[in-house]
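Please keep the sequence and the structure in view while reading.

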Amino acid sequence: MFQVENTRLCDAPIGRVWRVVTDFDNYAEWHPAFSLVGAAEMGAKLKLSFRAAPGPLPTLNTEARVTRLQRPNEIGWQIGMRGLLQIEHGFDLAKSGRGTRIRHWMRCRGLLSRIAAKALLGKAESNLGVVNASLTAFLRRATTIARYAPARGRSR
């Protein structure tokens, strides 16, 4: 087993960050490598598509399952086969001043994770940093404000 993580501070309020990281149907707008489709509900099945860097590798399509959910602080999902390779991936959010501390993490378990740990570890850490940079850049764009800002002055 191995685990990697990347932490970044973001000026956006935690509620807005939460809405973006749990809006699976719009992940492709900001995530550089994959898209998700499905509901951010505990145990929900998600369709995950992984787009490798430009090159000869095809897009990988698989099913994920939401394994962690604690609003508005933690979301995680898992793919893989028990014993062979299981990858759990997610975000932990915490208020930090007027913004949010985003901890993006990935855990790998199973036989293949032990075999490939050295080869994957550095690349996985780097990828988490790229994703966090992409997420914070997306949150800074004005176009995200309308979709992810809380409704004001509207009755529910």
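## Terms and model

A residue counts as buried when its relative accessible area is under 20%, as exposed when that area is over 50%, and as partly exposed in between. The structure shown here is a predicted model.

Side chains of opposite charge can pair when their charged atoms come close. In this model there are 7 salt bridges, and the sections below describe some of them.

## Arg68 and its two partners

Arg68 has a relative accessibility of 28% and therefore counts as partly exposed. One of its salt bridges is with Glu74, where the closest N and O atoms are 3.3 Å apart. Glu74 itself counts as buried, because its relative accessibility is 18% and the cut-off for buried is under 20%.

Arg68 also forms a salt bridge with Glu88, with an N to O distance of 2.8 Å. Glu88 is buried, with a relative accessible area of 4%.

## Asp92 and Arg103

Another salt bridge joins Asp92 to Arg103, and here the closest N and O atoms lie 2.2 Å apart. Asp92 in strand β6 and Arg103 in strand β7 (residues 99-109) are 11 residues apart, and the pair links distant parts of the chain. Both Asp92 and Arg103 are buried.

Conventions
Residues numbered from 1 in each chain as written. Predicted model: local features only at pLDDT ≥ 70, side-chain atom pairs only at ≥ 80, totals over all residues. Heavy atoms only, no water. Salt bridge = Lys/Arg side-chain N within 4 Å of Asp/Glu carboxyl O. Buried < 20%, exposed > 50% of the residue type's maximum accessible area, 1.4 Å probe, protein only. Helix = DSSP H or I, 4+ residues; strand = E, 2+ residues; numbered from the N terminus.
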